[in-house]
Amino acid sequence: MIKTTQWVAICLVLCLSVGTAFSQGEPVAPSNVTAVDTPNDDGSSITIKWDAAAEDTGISGYQILRRIADGELEPIGDLLPAGTTAYVDSAIEGGTAYTYVVRAVSETDATVDSEQTPAVEGTGEWFHTGKTAIFIVMLLFSAAIVWNIYDARSGKDIFVRRIPGLEAVDEAIGRATEMGRSILYVLGLGGVSGAATIAGMTILGQVARRTADYETALRVPCNDPIVLNVVREMVKTAYLDEGRPDAYNEDNIFFLTESQFAYAAGVDGMIIREKPAAIFLQGTFYAESLILAETGNSVGAIQIAGTTSESQLPFFIAACDYTLIGEELFAATAYLSKDPMFLGSIRGQDWGKLLIFAALILGVLLELSGINWITTLLQRVS
Amino acid sequence: MEVFGIWIAAFLTLCIYSFLYRDNPFYRFAEHLFVGMTVGYGIARSIHQGFIPLAWTPLWAAIIGESPAGYFKLIPICIGLLFFARLSSRHSWLVSYPIAILIGFGSGAMIPNAFQAYIFEQTRGTIEPFGSIHAGTLSGWEIFEAVLMIVGVVCTLTYFFFSAEHRGPVKWISKVGIAFLMIGFGSAFGNTVMGRVALLIQRVDFLINDWIGSISALF
């Protein structure tokens, strides 16, 4: 026979156990849940945010649920860790409205859902407000270049310092002409929109003018079909400008392959068999740089290289006669052509470098004084 | 079948390495095979990953009325088709248009990113440690590194000034800049050579273990 006091004790223990289990197993519903179109994107995502849960609420994670129109709520993505307060749904379609629910999951797998958010659609923005600072700097930079181009066109003499590798261009072409051998021009593996490839193609235009004059064969194996078209157009124009359309041979500019090492193998084979007297390696290069430069060196060709790929420059410096380092490649066209547009552009870029100088020195002085608004600004735009 | 593949790979590896001796028919065979196969593979990949999903499928969906938005694809398709104008000497000038669009689009997409990564980010990285110097959280060596970094950046940047003559102090500052560049290149050279040696070891490992191993497995 159980006494009344024992009954009371049992009831108390049971109530406490159930209460404890309930407080541990039943998480608190996520509060202040919002779903908004992600700002500054192309309309391909929606950002869901909610308030961080207080500690000791027994939440082990969050599951996001999504509803399209009047459809069912469906879980998306994996279970998010307990401390998460935001989720970006990137699997949405334009023109479709979505509603979201954030489900809190406890350690005992008990769940509780938040309120459903209002329906939201993903829309693309035309202007990325986070990039305003870059836009302003680019405007200033462009203004400096345009100003200097007008200055150069008005007849003002713009100085460009001596670049040793470029002074050897005439020597290399002259040597090939005297030896009766071809010139090989390799643009590397970059696409048509790569800055180094564009610079390499512009230098090629200048080289083509000279080969047109000297009637020296200019061979250009291309890695990209679009680069091939641009190169053919540029070389053809150079030959026309020099009044030698008859000397232009389209077959000397050809597509080899898009594959990196097959391209290297093919160009190596050409170098060994044709033994060009001069080799220009100008553009974007990767691991094939040393293979090409060493093979060119082995046949005794005069080699002028130029690239912006920092990891390949050491190989060119070691294996080639002359190397254009980084931005020298971009300055090359102005140096070779003396065209006011390129000369003005070079001086405009130098003005940009002066601005960087000023930012560096001012930034260092301010940081040393404990003022960090320049780094904060740079961090915001980075 | 796997052994057959190993033998082909080993044969072609040796054919390519035979170039180290001199140009020879084996190298020429491997070279032409390699170039031909990659061109064929490239064409097939362009059709399956480019033409079909990006041009044909959306256009066909528009034609059969499934998704009229697919008709917008006609704009890039027509621009791309202009490349074929080269085949006609009378209309070859039309090629300039897709080229101009591609270069313009490429530059427009690339320049803001280059500004962000190469100018803003690197400028911040160079000046930020000086804030820590002010806060007194850097060791003596870290302060030396921060100062060395700013000296290196200023001197190297001076070397890349093209519209000013390098004489007097500018000449000496740019010479220090070149020294910084060469030290950097030396370090990069060593790192990359180590990587290339690792590739060679991988290939030799394939020849010794997989290929010669497959021979010994036969007996």
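How many residues of chain B are in contact with chain A? I started there and got 53 residues of chain B against 56 of chain A. Contact here means C-beta atoms, placed from the backbone, within 7 Å.

**Ground rules**

I'm working on a predicted model, where local features need pLDDT of at least 70, side-chain atom pairs count only at pLDDT 80 or more, and totals for chains, interfaces and linings use all residues. Residues are numbered from 1 along each chain as its sequence is written, and chains are lettered from A and ligands numbered from 1 in the order in which they are written.

**Entry 1: the A/B interface**

I went back to the 53 residues of chain B that are in contact with chain A. Helices H2 (25-63), H4 (96-135), H5 (140-159) and H6 (169-218) of chain B each put at least two residues into that side. H4(B) gives the largest share, 24 residues. By type I find 31 nonpolar, 14 polar and eight charged residues on the chain B side. Nonpolar is Ala, Val, Leu, Ile, Met, Phe, Trp, Tyr, Cys and Pro; charged is Asp, Glu, Lys and Arg; the others, Gly among them, are polar.

**Entry 2: domains**

Bounds come from an automatic or database domain assignment. For chain A I noted domain 1 (27-113), domain 2 (129-143 + 344-381) and domain 3 (158-338). The C-alpha centres of domains 1 and 2 of chain A are 39 Å apart.

Chain B splits into domain 1 (1-66), domain 2 (78-137) and domain 3 (139-219). Between domains 2 and 3 of chain B the C-alpha centres are separated by 25 Å. Four residues of domain 2 of chain B are in contact with five of domain 3 of chain B. On the domain 2 side of that contact I get three nonpolar, one polar and no charged.

**Entry 3: the three-stranded sheet in chain A**

I traced an open antiparallel sheet of three strands in the order E1-E2-E5. Pairing takes at least two DSSP bridges between two strands. E1 and E5 of chain A are the edges with a single partner strand each, so one side of each has no neighbour in the sheet. Neighbouring strands are turned by 20 degrees against each other on average, direction ignored; the axes are lines fitted to C-alpha atoms (for helices over the stretch in contact), with angles from 0 to 180 degrees between N-to-C directions.

E1 (34-37) pairs with E2(A) over four bridges, with A:Thr34 opposite A:Lys49. E2(A) and E5 (86-89) are also joined by four bridges. There I found A:Ile46 opposite A:Asp89 and A:Ile48 opposite A:Tyr87.

**Entry 4: cores**

A nonpolar core is a set of buried Ala, Val, Leu, Ile, Met, Phe, Trp, Tyr and Cys residues joined through C-beta atoms within 7 Å. The largest has 84 residues, and A:Tyr185, A:Val231, A:Ala278, A:Leu281 and A:Ala332 have the most contacts inside it. H4 (195-214) of chain A supplies its largest share, nine residues. A second, separate core of 15 residues includes A:Ile46, A:Ile48, A:Trp50 and A:Tyr62.

I also listed partners of A:Ala278 beyond four places in sequence, among them A:Ala172, A:Ile183 and A:Ile302.

In H9 (328-337) of chain A nine of the 10 residues are buried, so the helix is largely enclosed by the rest of the structure. What covers those residues includes H3 (164-179), E13 (322-325) and H10 (340-368) of chain A. A:Lys338 follows H9(A), with a positive phi near 55 degrees.

E4(A) pairs antiparallel with E3 (59-68) over five bridges, and A:Leu80 is the bridge partner of A:Tyr62. E3(A) and E4(A) make a hairpin with five residues between them, and A:Ala69 in the turn has a positive phi of about 50 degrees.

Conventions. Contact = placed C-beta atoms within 7 Å. Buried ≥ 20, exposed ≤ 12 C-beta atoms within 10 Å, placed from the backbone.
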